[in-house]
Every structure is written in C-alpha cells, then in structure tokens.
Amino acid sequence: MTPKIISTDQWLVAAKLRRSVYNLTGTSSVSDSRIENILQQVLSFAPSSYNTQPVRLNLITGEKHKQFWDTIIKTAEPILKDVGEGIWHTMGALMESQKAAYGSVVFWERGDTIREASETHKSAAHMIPQLGDHANGMAQILAWTALELEGLGASLQHMQAIPVVETALREFCGMPDDCSLKAHLTFGDIAGDHPIMPDKLPFSETLKIIK
Ligand SMILES: Cc1cc2nc3c(=O)[nH]c(=O)nc-3n(C[C@H](O)[C@H](O)[C@H](O)COP(=O)(O)O)c2cc1C
C-alpha cells in the first residue's frame with residue numbers, strides 16, 4: 001500500500017494554491033539554493049513516457065535574469081515592431097514587467113532523447129514528441145506549485161512563439177542545439193495580493209461519469 005504522507009485533500013489544496021502571478025518584485029524571499037533543491041526534487045521524480053527523461057531545466061536569477069530578458073526584448077523588438085507599433089507597445093511593456101521579476105526556471109526538451117525514444121519504441125514513434133510535451137508540462141506544474149508553496153509568485157511564459165528568440169535563448173543559456181524551449185516560469189516575491197481563481201466551466205461540461 002502507498003504510504004500516506006499527507007492527505008489527498010491537503011495535496012489538492014496545495015495544487016489549488018498555484019496561480020498565474022504577474023505582479024512580481026526583483027527579490028526572492030527564498031534562497032537560490034532552496035529553489036535549486038526544489039528543481040532537483042522535481043527532476044528526481046517527475047514522470048516521462050518510458051522514463052525517457054527529455055526535460056532539461058535552467059535556473060536563472062538576479063542580474064543574469066535581467067540579461068535573459070534583455071536578450072528576449074532585443075531579439076523580439078524588431079519583429080514585433082514589424083507586426084505593428086501597437087503590438088510592440090503592449091508586448092514590450094509586458095516583457096519589461098517580466099524582466100523586473102527575480103528569476104526564471106527555463107524548461108527545455110532534449111531533441112536527441114525524443115529521437116532515440118522514437119527509434120526504441122517504434123510502435124509509439126508518432127506520439128513520442130507529444131508525450132515529450134506532456135512530460136514537460138508535468139515538470140512545469142510541479143515546479144510552479146512548489147514555488148507558490150514557498151510563498152513566491154510565478155507565471156508561465158512562451159517566448160519561443162518568436163523562433164529567433166528561442167535561438168537567442170538557447171545560446172544565452174548555453175544549451176545544446178537539439179534542445180527546444182518549451183516554457184519558462186518567471187518568479188519573484190509577490191507585490192500586492194495573491195490573485196483569485198479565474199472562473200471555470202461547469203462540471204456538466206467538463207466531467208462525464210461513465211459507469
Ligand atoms: C499550457 C499553458 C500555457 C500558458 N501560457 C501562458 C503564456 O504564454 N503567458 C502567460 O502569461 N500565461 C500563460 N499561461 C497561464 C494561463 O493563462 C493561466 O494558467 C490561466 O489563465 C488560469 O489562471 P491561473 O494560472 O491563475 O490558474 C499558460 C498556462 C498553461 C497551462
């Protein structure tokens with residue numbers, strides 16, 4: 001029987017605490033070493049299909065985090081301005097507010113792992129990339145919730161929406177060429193109130209009991 005460490009409801013309460021928090025300060029009441037320890041724990045038990053472990057993480061804090069966002073902003077600016085000054089006005093301000101946060105956890109996927117798994121598990125080869133995304137999302141939710149339980153705020157960002165930004169961040173983070181950027185979690189101390197839960201669809205639409 002699985003040992004009971006905390007109750008199911010305690011775990012659900014903890015998971016429910018996680019929110020997208022955008023008002024972040026450039027400080028962290030949690031030490032870098034504690035956050036590193038949390039990420040190590042996530043990596044040590046998070047699931048992946050066939051236990052292939054394609055997830056790779058970076059922890060970027062302090063001045064390096066400012067440089068990380070400067071890289072995003074510098075690379076994205078000409079592209080977004082090309083789309084429209086209005087877009088740049090909105091996105092540029094959003095990026096500056098993210099730069100003001102203390103740190104980011106960057107989630108990558110090792111392409112070589114995905115390719116090797118597609119060879120080893122030929123019958124599921126067509127699904128392996130999708131399963132890699134699932135595994136990445138599972139690591140993301142674990143890290144995101146853990147940071148919130150430490151009292152920090154965090155929001156999930158996808159700057160790889162602009163492909164050249166992904167290339168620039170791969171270089172900035174010194175990640176191998178086969179790594180693809182899946183998401184990054186910007187975090188810091190929370191300025192102001194913790195956000196309330198957004199409305200959800202009724203269970204009549206989202207849950208079907210079949211028995
Ligand atoms: C897969 C996924 C992708 C998301 N991408 C972004 C994003 O790129 N930028 C952002 O600000 N929030 C992003 N979010 C946050 C959602 O907007 C947010 O989770 C949702 O509105 C519910 O709010 P909550 O996180 O406070 O529960 C993403 C969330 C998920 C699960």
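**Sheet, helices and ligand**

Tutor: Q157 stands opposite H184, which is in β4, where strands are DSSP E runs of at least two residues and helices are H or I runs of at least four, numbered from the N terminus. This is a predicted model, so local features need pLDDT of at least 70 and side-chain atom pairs count only at 80 or more, while totals for chains, interfaces and linings use all residues. Residues are numbered from 1 along each chain as its sequence is written.

Student: How many bridges join β3 and β4?

Tutor: Five bridges join β3 to β4 (residues 179-188), in the antiparallel sense; pairing requires at least two DSSP bridges.

Student: And what order do the strands take in the sheet?

Tutor: The open sheet has four strands, ordered β1-β2-β4-β3 with antiparallel pairing. At its edges are β1 (55-61) and β3 (153-157), each pairing on one side only, and neighbouring strands are turned against each other by 20° on average, direction ignored.

Student: Which helix touches β1 and β2?

Tutor: That is α2, which packs on the sheet against β1 and β2 (103-110), its direction making about 170° with that of β1; contact means backbone-placed C-beta atoms within 7 Å, and angles run from 0 to 180 degrees between N-to-C directions of lines fitted to C-alpha atoms. Helix α5 (residues 111-120) lies across β2 and β4, running at about 30° to β2.

Student: At what angle do α2 and α6 cross?

Tutor: The axes of α2 (residues 32-45) and α6 (residues 128-149) cross at roughly 150° and come within 10 Å. On α2 the contact is made by I38, L39 and V42, and on α6 by A139, L142, A143 and A146, a set with seven nonpolar, no polar and no charged residues.

Student: Switching topic, which residues are around the ligand?

Tutor: Around the ligand are R19, S20, S155, L156, Q157, H158, P195 and P198, taking backbone-placed C-beta atoms within 6 Å. By class, this shell has three nonpolar, four polar and one charged residues.

Notes: Contact = placed C-beta atoms within 7 Å. Nonpolar A, V, L, I, M, F, W, Y, C, P; charged D, E, K, R; others polar.
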